[in-house]
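Here's a quick briefing to read with the model open beside you. Take a look at the structure first, then work through the points below.

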Amino acid sequence: MKRIALVIICLAFLASSTFAFAADVYVTKNGKKYHKETCRWIKNRETTKMDEKEAIEKGYEPCSRCFKSKAVSDKSAQKAKEVVQKAKESKS
Ligand SMILES: [Zn+2]
């Protein structure tokens, strides 16, 4: 009986994570970026709720505050570090 409950919990978790992937996002009236519900940027603004896929199709870009991993890839972050390092070296 316990095992069945565990399976149900696992399925519920999988379903919820799939749902999270197709997340709702929020856009502001004149904004060109879409945000997560928790973003501070849209906290006191009038927003329109839509599917993330829909937002992308409409030409919206992910907000750099709430979609850090999408906006800034690891490679460009690494490059930025290298630039800073080089700047430091050239100074000394
Ligand atoms: Zn945002």
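The largest nonpolar core here is made of eight residues: Val25, Tyr26, Val27, Tyr34, Ile42, Ala55, Cys63 and Cys66. A nonpolar core means a set of buried Ala, Val, Leu, Ile, Met, Phe, Trp, Tyr and Cys residues joined through C-beta atoms within 7 Å. Strand 1 gives the most to this core, with three residues. This is a predicted model, so local features need pLDDT of at least 70 and side-chain atom pairs count only at pLDDT 80 or more, while totals for chains, interfaces and linings use all residues. Residues are numbered from 1 along each chain as its sequence is written.

**Core and burial**
- A residue is called buried if 20 or more other C-beta atoms lie within 10 Å of its own, exposed if 12 or fewer, and partly exposed in between, with C-beta atoms placed from the backbone.
- By that rule, 11% of the 92 residues of the protein chain count as buried.
- In soluble globular proteins, nonpolar side chains tend to be buried together.
- Leaving out residues up to four places away in sequence, Tyr34 touches Val25, Tyr26, Val27, Glu52, Ala55, Tyr60, Pro62 and Cys63.
- Two residues are in contact if their C-beta atoms, placed from the backbone, lie within 7 Å.
- Among contacts in the protein chain with a separation of 6 or more, 53% link residues 24 or more positions apart.

**Overall layout**
- The protein chain has four helices and four strands, and along the sequence they follow the pattern α-β-β-β-α-β-α-α.
- Helices (H or I, at least four residues) and strands (E, at least two) are DSSP runs, numbered from the N terminus.

- The four strands form an open sheet in the order 3-1-2-4, with mixed pairing.
- Strand 3 (47-51) and strand 4 (61-62) are at the edges with a single partner strand each, so one side of each has no neighbour in the sheet.
- Two strands pair if DSSP finds at least two bridges between them.
- Strand 1 (residues 24-28) pairs with strand 3 in the antiparallel sense over five bridges; Val25 sits opposite Met50, and Thr28 opposite Thr47.
- Strand 1 also runs antiparallel to strand 2 (residues 33-35), joined by two bridges, and Tyr26 has His35 as its bridge partner there.
- Strands 1 and 2 make a hairpin with four residues between them.

**A loop residue**
- Where is Ala23? Ala23 lies in the loop between helix 1 (2-21) and strand 1.
- Ala23 is exposed, because it has 11 other C-beta atoms within 10 Å.
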